[in-house]
Amino acid sequence: QVQLVESGGGFVQPGGSLRLSCAASGSIFSVNAMVWYRQAPGKQRELVASISSGGRANYADSVKGRFSISRDSARNTMYLQMDSLKPEDTAVYYCNAEILRLSALRMNNYWGQGTQVTVSS
């Protein structure tokens, strides 16, 4: 089996910072793209940032210049450094990854359970 586990969420005041982590574990052969999504109450899930296996990053316009995505491929772990946080960044943040399991013929898409980020004064 494969698991994605997020950590690092919490409560922070506007202007503050948080660093999220997403660790993939299990019978993994390789990890392709990794993605952070978020979902605020009453809103659709939206893509926040993605990073390819080669390290190419893309960001939603709403977080450009404030968030930074990175990965440690040796540890199958992805990070999201969030700076200058705003109340509108409040959401549950989910990680997503394309993973090829050992002995599998094709990649599958996996989701973490989510971690709450709350930005409020």
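Modeller: We can start with the overall fold and then turn to the side chains; keep in mind that this is a predicted model.

Colleague: Good. How many helices and strands does the protein have?
Modeller: There are zero helices and eleven strands, so reading along the sequence gives β-β-β-β-β-β-β-β-β-β-β.

Colleague: And what is the radius of gyration, next to that of a compact globule?
Modeller: The protein has 14 Å, which agrees with the value near 14 Å for a compact globule of 121 residues. The C-alpha atoms fill a box of roughly 50 × 25 × 25 Å along the principal axes.

Colleague: What share of the residues is buried?
Modeller: Buried residues are 39% of the 121. The protein exposes about 6600 Å², with 47% of that supplied by carbon and sulfur atoms.

Colleague: Let's switch to charges. How many salt bridges does a search of the whole structure find?
Modeller: Five. One of them joins aspartate 89 to arginine 38, with the closest N and O atoms 2.9 Å apart. Aspartate 89 is in the loop between β8 and β9 while arginine 38 is in strand β4, so this pair ties together parts 51 residues apart in sequence.

Colleague: Is aspartate 89 buried or exposed?
Modeller: Aspartate 89 counts as buried, because its relative accessibility is 0%. Arginine 38 is buried too, at 5%.

Colleague: Which arginine forms a salt bridge with aspartate 89 at 2.7 Å?
Modeller: That is arginine 66. Arginine 66 sits in the loop between β6 and β7, 23 residues from aspartate 89. With a relative accessible area of 11%, arginine 66 is buried.

Colleague: Which residues are linked in a network of salt bridges?
Modeller: Arg38, Glu46, Arg66 and Asp89. Another salt bridge has aspartate 61 meeting lysine 64 at 3.1 Å, N to O, and aspartate 61 is exposed at 65%.

Colleague: Now rings. How many aromatic pairs does a search of the whole structure find?
Modeller: One. Tyrosine 37 and tryptophan 111 have ring centres 5.0 Å apart and planes at 45°, so the pair is tilted. Tyrosine 37 belongs to strand β4 and tryptophan 111 to strand β10, so the pair ties together parts 74 residues apart in sequence. Tryptophan 111 counts as partly exposed, at 40% relative accessibility.

Colleague: And which residue has its charged end over the ring of tyrosine 94?
Modeller: Arginine 45, 3.8 Å from the ring centre. Arginine 19 lies over the face of tyrosine 79, at 4.1 Å from the ring centre.

Methods. Residues are numbered from 1 along each chain as its sequence is written. This is a predicted model: local features need pLDDT of at least 70, side-chain atom pairs count only at pLDDT 80 or more; totals for chains, interfaces and linings use all residues. Side-chain values use heavy atoms; hydrogens and water are left out. Rings of Phe, Tyr and Trp (its six-membered ring) pair if their centres lie within 6.5 Å; planes under 30 degrees apart count as stacked, over 60 as edge-to-face and the rest as tilted. Helices (H or I, at least four residues) and strands (E, at least two) are DSSP runs, numbered from the N terminus. Buried means under 20% relative accessible area, exposed over 50%, partly exposed in between (1.4 Å probe, protein chains only). A charge sits over a ring if NZ of Lys or CZ of Arg is within 6 Å of the ring centre and within 35 degrees of the ring normal. The radius of gyration is taken over C-alpha atoms; the globule rule is 2.2 Å times the number of residues to the power 0.38. Accessible areas come from the Shrake-Rupley method with a 1.4 Å probe; for residues, only the protein chains shown count as cover. A salt bridge is a side-chain nitrogen of Lys or Arg within 4 Å of a carboxyl oxygen of Asp or Glu.
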